[in-house]
There are 2 protein chains.
Amino acid sequence: MDEFEAVVERVRERVVPDAEERERLDRVTDELVERTEAAVADLPVDAEVRLVGSAVRGTWLSGDRDVDVFVRFPPDLPREDLEEYGLQVGRAVLPDGREEYAEHPYVTGELDGFDVDLVPCYAVADATEIRTAVDRTPFHTEYLAGRIDDPDDVRVAKQFLTAVGAYGSDLRTRGFSGYLVELLVLEYGGFRGLVEAAADWRPPVRLDPEGHGRGEFDDPLVVIDPTDPGRNVAAVLSATNVARLVHYARELLADPRVELFESRDPDPLSPGEVRAAVERRETTPVAVRFDAPDVVEDQLYPQLDKALGGVEGALDRAGFDPLRSARFADETAVLLVECEVAERPAVERHEGPPVGVREHAEDFYETYADSEADGPFIEDGRYVVERPREHRTARALLESDALFEVALGPDVERALGAGYEVLVGEDSAALADEFGVELARYSDPRP
Amino acid sequence: MDEFEAVVERVRERVVPDAEERERLDRVTDELVERTEAAVADLPVDAEVRLVGSAVRGTWLSGDRDVDVFVRFPPDLPREDLEEYGLQVGRAVLPDGREEYAEHPYVTGELDGFDVDLVPCYAVADATEIRTAVDRTPFHTEYLAGRIDDPDDVRVAKQFLTAVGAYGSDLRTRGFSGYLVELLVLEYGGFRGLVEAAADWRPPVRLDPEGHGRGEFDDPLVVIDPTDPGRNVAAVLSATNVARLVHYARELLADPRVELFESRDPDPLSPGEVRAAVERRETTPVAVRFDAPDVVEDQLYPQLDKALGGVEGALDRAGFDPLRSARFADETAVLLVECEVAERPAVERHEGPPVGVREHAEDFYETYADSEADGPFIEDGRYVVERPREHRTARALLESDALFEVALGPDVERALGAGYEVLVGEDSAALADEFGVELARYSDPRP
């Protein structure tokens with residue numbers, strides 16, 4: 001056994017559940033199916049109960065406690081009935097559960113230490129005919145059933161991507177979904193095959209396991225869904241997370257080691273350490289901090305990303321030269337932009353039209369001739385003025401209405417409207433109280 | 001008589017020499033021709049004496065004291081003989097004169113209060129066959145003789161361009177030459193015609209009085225030389241000076257006034273006023289000051305312009321964001337760049353290749369993995385590092401070898417090599433001792 005296999009073997013021991021854990025899961029799923037079928041029997045319509053996800057596929061990681069039960073209703077059932085019956089079954093199965101809302105409402109709760117989602121969907125005949133996004137899931141479970149030779153290899157792959165920070169198709173991570181990992185392990189004949197292939201990936205990479213793909217995709221990784229030729233399973237995956245797999249695949253091949261399967265869990269930075277980092281780098285961090293809107297993460301993070309891009313763009317256009325940025329959320333939400341430039345002068349250059357374009361040129365000259373601006377003068381045949389600058393510091397910009405002129409996303413915009421603070425320079429050390437770990441990662445960035 | 005004509009009439013009174021001045025000039029030119037012909041008679045070759053320039057064309061401005069006498073030698077005369085005979089004649093005519101060197105040596109001196117240049121050239125048959133640049137001049141005088149109806153209109157035009165700062169084809173000014181002004185007044189039928197046309201110019205503007213132009217020119221104003229179809233008389237004219245004529249032509253038409261014919265002659269700024277200007281604008285002026293190289297202006301200014309462009313480019317690439325720049329020369333020479341940014345942080349962003357381009361990516365990662373740089377990390381699928389910045393301030397940059405890595409021009413490079421000082425921020429106030437007037441113009445820029 002070579003070094004690579006030896007390392008994988010050690011990882012396997014950690015991530016494959018033992019017999020006791022398997023039995024516990026079996027007991028729980030048996031009971032869940034039984035309870036759900038009993039509840040379905042009380043409904044005025046027929047419905048089919050399905051276990052889906054990694055629990056039923058045997059690819060969950062040791063310690064995972066997630067079970068998904070789907071209830072598949074006839075496609076002609078009106079949506080409001082589906083929602084009503086779905087909740088009715090959910091409440092019967094998980095009396096202490098609570099309602100959540102994705103594309104439609106479902107019940108989530110606990111049973112014997114497992115986190116259970118009880119999700120209603122439509123029993124469409126084919127994944128191309130789905131009416132809601134969750135209708136697709138049972139087809140994925142069906143497709144993979146019996147195709148995965150070694151589910152433990154999938155577990156190793158998931159653990160690797162988790163350690164790398166690239167696992168999870170939620171909109172905070174934009175990483176690899178469980179289904180995507182299983183398809184990749186299948187495609188490349190195991191974890192090692194996947195690692196060896198990924199080390200050589202040069203995005204865009206396109207895979208089509210069933211050879212039935214339709215349409216073009218503009219994503220760095222395209223994996224045509226075997227159950228739906230029009231869908232890219234990796235649509236949500238970011239270019240950065242694809243590159244992370246490529247990078248760490250090379251690392252693992254060059255020097256196989258168990259640490260590459262262990263999540264990086266840095267000590268939180270203290271406020272003093274944040275100040276020291278700012279002093280060392282001589283940059284000007286600027287943070288907008290506000291109460292995090294009370295919405296689910298898949299609602300929150302896309303808005304934070306949008307708002308961060310908007311703020312970064314505004315700071316860039318105003319000349320504060322963003323170097324790097326990040327967003328954090330917990331009780332408060334933070335848009336952090338580390339700027340290279342702390343202040344701009346009182347004047348800014350503003351180029352007018354070529355003097356030869358008479359009408360425009362005369363308008364421009366008249367506008368500025370008796371203004372506060374220096375000039376107009378001529379450079380290379382154009383009028384130029386140096387006019388008073390609107391925002392001399394990043395703080396002035398972010399404390400002005402200019403913040404609300406960038407695209408923020410509705411919940412973030414509302415939250416900012418209710419109030420926010422701007423932390424500049426060493427004042428950003430105050431963020432360490434809530435986001436010390438995030439700042440530690442920011443301060444020592446890795447692939 | 002309308003307002004425009006009334007203003008021109010008043011300008012005319014100032015710029016047209018009176019009878020006494022004309023008589024004085026006639027006496028001087030008569031004597032010059034006589035002396036020169038006597039000196040030529042002593043030579044072993046035939047040569048023809050010609051008065052050229054505005055004095056003989058009757059277009060000199062009142063108060064001008066320049067007379068050019070050309071001695072035209074046979075085209076087959078070896079160059080070294082031409083130079084020797086030329087100097088011999090020059091010394092005989094102007095015993096107190098001194099030698100100057102343009103394309104070849106000539107003698108310059110004074111006679112009865114006039115500045116006289118005595119220039120040898122080749123008597124080629126046609127302006128297209130010239131052997132040195134000055135051979136062309138007699139053809140210009142010949143072409144204009146008899147064509148200018150009203151030489152006083154040329155005088156008014158020259159005065160206008162002088163006031164505007166756009167008169168003179170020397171390489172410091174890059175403005176309108178006397179010959180060019182005469183051709184333009186001829187083309188547009190007088191000063192008013194020129195002003196009305198120029199107000200509507202939309203460069204590039206092309207004129208070809210003899211309709212014989214050959215070839216394309218990339219200049220904002222093209223006036224094909226009536227004596228040479230392959231030459232643009234306005235080749236040296238800058239886009240800025242063309243735009244100046246356009247701008248002030250409009251001003252003069254909109255509100256005719258004598259002040260537009262008067263040179264702007266601001267009071268020099270004091271060091272305190274320079275400091276106040278810097279404080280008001282909140283910029284960071286950076287000046288490189290050195291002993292002016294001992295070369296003629298037409299050698300010096302193109303090199304200063306080149307060096308200024310190089311320094312400005314280096315400051316721009318290093319992130320100090322030049323706002324405006326200027327060069328001054330007298331005893332010392334100064335390259336002044338007014339920057340928007342005083343300092344950059346200790347780190348600078350450096351983007352590497354996409355992680356997917358394996359060989360480059362691995363090289364990049366290895367280079368930086370164990371370096372002082374922060375990172376490598378991944379952004380949008382690429383490696384990025386933040387490495388220590390080379391120059392944190394404009395002063396550090398300009399006091400380093402980086403100054404000599406930009407194109408400077410040989411004489412400027414030599415002068416800088418002998419030593420220079422860098423003045424930053426309010427220290428630039430020290431320039432006011434030598435360049436107070438130039439700084440006053442810089443500080444209150446006009447078209």
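This is a predicted model: local features need pLDDT of at least 70, side-chain atom pairs count only at pLDDT 80 or more; totals for chains, interfaces and linings use all residues.
Cys339(A) is buried, because its relative accessibility is 0%. Buried means under 20% relative accessible area, exposed means over 50%, and partly exposed lies in between (1.4 Å probe, protein chains only). Cys339(A) takes part in no disulfide, a pair of cysteine sulfur atoms within 2.5 Å. The nearest cysteine sulfur belongs to Cys339(B), 19 Å away.

Residues are numbered from 1 along each chain as its sequence is written, chains are lettered from A and ligands numbered from 1 in the order in which they are written, and side-chain values use heavy atoms, with hydrogens and water left out. The pLDDT is the predictor's confidence in each residue, from 0 to 100. Chain A averages 95, and 100% of its residues score at least 70. For the complex, the predictor gives an ipTM of 0.93 and a pTM of 0.88.

Next comes the interface. Contact means heavy atoms within 4.5 Å. On that basis, 50 residues of chain B are in contact with 50 residues of chain A. The area buried between the two chains is about 4,300 Å², and carbon and sulfur atoms give 51% of it. Buried area here is the accessible area (1.4 Å probe) that two parts lose on being put together, summed over both. On the chain B side, Arg250(B), Arg358(B) and Ile378(B) lose the most area to chain A. Together they account for 14% of what that side buries.

Helices (H or I, at least four residues) and strands (E, at least two) are DSSP runs, numbered from the N terminus. Glu340(A) is buried, with a relative accessible area of 10%. Neighbours within four places in sequence are left aside in its contacts. Within chain A, Glu340(A) is in contact with Phe320(A), Asp321(A) and Leu323(A). Across in chain B, its contacts are Glu343(B), Arg344(B), Pro345(B) and Arg389(B).

Now turn to the sheets of chain B. Two strands pair if DSSP finds at least two bridges between them. An open sheet of four strands has the order β10-β11-β9-β15 (chain B), with antiparallel pairing. Strands β10 (322-329) and β15 (421-424) of chain B stand at the edges, each with a single partner strand, so one side of each has no neighbour in the sheet. Neighbouring strands of this sheet are turned by 15° against each other on average, direction ignored. Axes are lines fitted to C-alpha atoms, for helices over the stretch in contact, and angles run from 0 to 180 degrees between N-to-C directions. Four bridges join β9 (residues 284-291) of chain B to β15(B). One bridge pairs Ala287(B) with Leu423(B). Helix α15 (residues 432-443) of chain B lies across β9, β10 and β11 (332-339) of that chain, running at about 145° to β10(B).

Strand β2 (residues 66-73) of chain B is mostly covered, with six of its eight residues buried. It pairs with β1 (residues 48-52) of chain B in the antiparallel sense over five bridges. There, Leu51(B) has Val69(B) as its bridge partner. Strand β2(B) also pairs with β5 (residues 114-122) of chain B, in the parallel sense over eight bridges. Phe70(B) stands opposite Val119(B) in β5(B).

Back in chain A, Leu87(A) lies in helix α4 (residues 79-93). It is buried at 10% relative accessibility. Beyond its neighbours within four places in sequence, Leu87(A) is in contact with Glu99(A), Pro105(A), Tyr106(A) and Val107(A).

Some backbone details remain. A cis peptide bond joins Pro203(A) and Pro204(A), with omega about 0°. Pro204(A) is in the loop between α8 (191-198) and β6 (205-207) of chain A. Another cis peptide bond joins Gly375(B) and Pro376(B), with omega about -5°. Pro376(B) lies in strand β13 (residues 374-379) of chain B. Asp112(A) is not a glycine, yet has a positive phi of about 50°. Asp112(A) is in the loop between β4 (105-111) and β5 (114-122) of chain A, and is partly exposed at 48%.
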